[in-house]
Every structure is written in structure tokens, then in C-alpha cells.
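Try each task on your own before you read its solution.

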Amino acid sequence: MKIIVTGPYESGKSRIIHHLTNGACINIERRGTTIAMDHGLTNVDGMSVFLFGTPGLLRFRTMRKILSSGADGIILVVDSSDPESDARAKLFFREIAFFLPGVPCVVAANKQDLAEARRVDQLRDRMKFLVGQAVMPCSAETGENVDRVLRTLLFLAMMQWSNVFTKFAQYSGSENGLKHLMKDLNVSRDQAVGYLRRFELRKLLEVQVGDERFQVNEKVKKFLKNPNLIMSK
Ligand SMILES: Nc1nc2c(ncn2[C@@H]2O[C@H](COP(=O)(O)OP(=O)(O)O)[C@@H](O)[C@H]2O)c(=O)[nH]1
Ligand SMILES: [Mg+2]
């Protein structure tokens with residue numbers, strides 16, 4: 001899955017990606033500020049997760065647009081300890097909703113380890129745009145709840161694709177996998193191939209012999225059938 005991590009400058013995006021990837025990430029930065037992106041790969045119970053952190057300075061909008069393209073889920077990081085960043089958080093929320101309409105989002109209320117951190121209900125009071133969004137307290141400093149944020153988002157992202165994923169699991173390895181997808185999902189050949197390519201890139205499956213067959217990665221098959229399982233750790 002492709003996950004975009006966005007939010008204002010200094011909210012903790014780079015730190016969160018560092019935690020989620022156990023440090024196996026790159027950060028293109030200048031004097032401590034991300035100017036291009038963070039990128040890291042992690043593995044959640046066999047599922048590959050490609051994380052892209054955006055630059056938090058407003059002027060890097062084009063870079064954020066490019067990085068956002070095709071993302072399956074969004075982590076919006078807000079700084080629970082800094083009320084002055086709330087207005088910027090709103091701008092980032094609006095921007096990502098514009099780039100990725102309808103894509104699932106979890107708001108990470110970061111820096112909960114600090115004494116001045118606000119609770120989730122206080123954040124909701126201050127940032128009305130959070131209404132209807134999943135907001136989860138966490139700390140990239142201690143690592144508390146950070147994995148939970150990602151698992152929750154993966155769950156929501158898989159639910160978004162549940163029609164397609166159920167069929168992926170059902171027809172994995174079958175002779176006319178592609179034809180079955182087209183028929184059951186009532187989509188054109190191009191569209192069905194599009195789904196396969198999209199999730200081949202995300203390492204959920206491999207397409208075989210002239211696109212007619214596909215094989216789902218064995219470790220992720222159970223999640224495609226039952227996304228709930230990703231929440232069980
Ligand atoms: N106390 C505390 N500091 C944090 C936390 N997350 C990030 N920071 C600090 O906040 C600053 C900005 O973090 P960074 O990850 O670079 O933010 P980014 O600009 O959003 O990528 C750094 O000094 C981090 O050490 C947290 O959960 N708790
Ligand atoms: Mg950064």
C-alpha cells in the first residue's frame with residue numbers, strides 16, 4: 001500500500017516515518033527541514049507499506065501533489081503541543097483532501113508525551129475540520145500508538161478496496177483470473193488490468209502469463225478476505 005504522511009512543518013512527520021521503518025528510511029532535507037520527501041518501506045504482517053512524507057513548508061505544494069498521486073491512505077500529522085500550528089494543519093488537511101478526494105485518512109495527534117499536549121477532544125474543539133475524522137493520540141518520541149495509527153489506516157484503506165480485494169483473494173491463481181475480475185466487478189479489461197497493475201506495484205500480487213492470471217502474495221491473502229485481522233495486533 002502507498003501511504004502519504006502530510007501535515008505542517010515540525011509536526012513530526014519525519015520522526016513518525018523513522019519510527020515506522022525502524023530507521024530504514026531516507027529524508028531529503030536541508031538544515032533539518034524536509035525539502036523534498038521522506039521515503040521508507042515497512043512491512044506490516046507481510047504487507048508492504050510504502051511511506052512518503054511530504055515537505056511541510058507551504059511553498060513545496062507541487063512536490064506534495066506529485067508525492068500524493070495514487071496514495072491509498074493519508075496520515076495527517078498534527079502537533080498536539082503547539083496551538084499555533086493548528087491553522088496550518090487546516091491548510092494541509094484541505095490541500096490533501098483536494099489532491100486525494102475520498103481517500104481514507106487518520107489524523108495522528110502527535111507529541112502526546114509532552115506535558116502541554118492537548119487531548120483529542122481539545123484538538124477537536126480547536127480544529128473544527130476534524131469532525132468526522134479518525135483522530136488518534138500518539139508520540140513519535142516514545143513510539144506510543146504510532147503502529148496503531150498505521151494499522152488503523154491500513155484497515156480503512158483495505159475496506160475502501162474491499163470489493164476488489166475479495167475478488168483478488170477468490171481468483172488468485174485461477175486460470176482465467178482476469179476474466180473473472182471483469183465479470184464479477186462488471187468492469188472493462190483495461191480497468192481490471194489497471195487494478196492488477198496498481199496492486200502489483202504495491203506488492204500485493206503478481207500478474208502472470210499475458211495478464212490472464214494473477215497470484216496474490218500468500219501472507220496478505222487473509223487480510224484481503226478479512227481486513228479486520230490487521231487490527232488484531
Ligand atoms: N516531544 C516530542 N517531540 C517530537 C515528537 N515528534 C517529533 N518531535 C520533534 O519535533 C521536531 C520536528 O520533527 P520532524 O519529524 O522533523 O517534523 P516534520 O517537520 O513534520 O518532519 C523534532 O525536533 C522532533 O524531534 C514527539 O512525539 N514528541
Ligand atoms: Mg520532515
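The model is predicted, and local features need pLDDT of at least 70, side-chain atom pairs count only at pLDDT 80 or more, while totals for chains, interfaces and linings use all residues. Residues are numbered from 1 along each chain as its sequence is written, and chains are lettered from A and ligands numbered from 1 in the order in which they are written.

**Exercise 1. Compare the overall dimensions of the protein chain with the globule rule.**

Step 1: the radius of gyration is taken over C-alpha atoms, and the globule rule is 2.2 Å times the number of residues to the power 0.38.

Step 2: for 233 residues, a compact globule would have a radius of gyration near 17 Å, and the 19 Å of the protein chain agrees with this. Along its principal axes, the C-alpha trace spans about 60 × 35 × 30 Å.

Step 3: look at the make-up of the fold. The protein chain has nine helices and nine strands. Among its contacts with a separation of 6 or more, 65% join residues 24 or more positions apart.

**Exercise 2. Which residues of helix 6 (residues 162–171) are buried, and what do they pack against?**

Step 1: a residue is buried if 20 or more other C-beta atoms lie within 10 Å of its own, exposed if 12 or fewer, and partly exposed in between, with C-beta atoms placed from the backbone. Over the protein chain, 39% of the 233 residues count as buried.

Step 2: in helix 6, Phe165, Lys167 and Phe168 are buried. They cover an arc of only 160 degrees around the axis, so they sit on the same side of helix 6. The arc is that of the directions from the helix axis to the C-beta atoms.

Step 3: the packing partners of these buried residues are helix 5 (146–160), helix 7 (177–185), strand 8 (205–208), strand 9 (213–216) and helix 9 (218–225).

Step 4: check what comes next. Gly173 follows helix 6 and has a positive phi, near 80 degrees.

**Exercise 3. Are Arg31 and Asn186 buried or exposed?**

Step 1: Arg31 lies in the loop between strand 2 (25–30) and strand 3 (33–44). Its phi is near 50 degrees, a positive value in a residue other than glycine. Arg31 is exposed, with 5 other C-beta atoms within 10 Å.

Step 2: Asn186 is in the loop between helix 7 and helix 8 (189–201). It is not a glycine either, yet its phi is positive, about 55 degrees. Asn186 is exposed, with 8 other C-beta atoms within 10 Å.

**Exercise 4. What does Gly46 touch, not counting residues up to four places away in sequence?**

Step 1: Gly46 is in the loop between strand 3 and strand 4, and it is partly exposed, with 13 other C-beta atoms within 10 Å.

Step 2: with those neighbours in sequence left out, Gly46 touches Asn217, Lys219 and Val220. Gly46 and Val220 are 174 residues apart along the chain, and their C-alpha atoms are separated by 6.2 Å.

**Exercise 5. Describe the shell around ligand 1.**

Step 1: a residue is near a molecule if its C-beta atom, placed from the backbone, lies within 6 Å of it. There are 16 residues around ligand 1, and Gly12, Lys13, Ser14, Arg15 and Glu141 come nearest.

Step 2: helix 1 (residues 13–20) gives the most to this shell, with three residues. By class, the shell has three nonpolar, seven polar and six charged residues.

How values were computed:
Helices (H or I, at least four residues) and strands (E, at least two) are DSSP runs, numbered from the N terminus. Ala, Val, Leu, Ile, Met, Phe, Trp, Tyr, Cys and Pro count as nonpolar, Asp, Glu, Lys and Arg as charged, and the others, Gly among them, as polar. Two residues are in contact if their C-beta atoms, placed from the backbone, lie within 7 Å.
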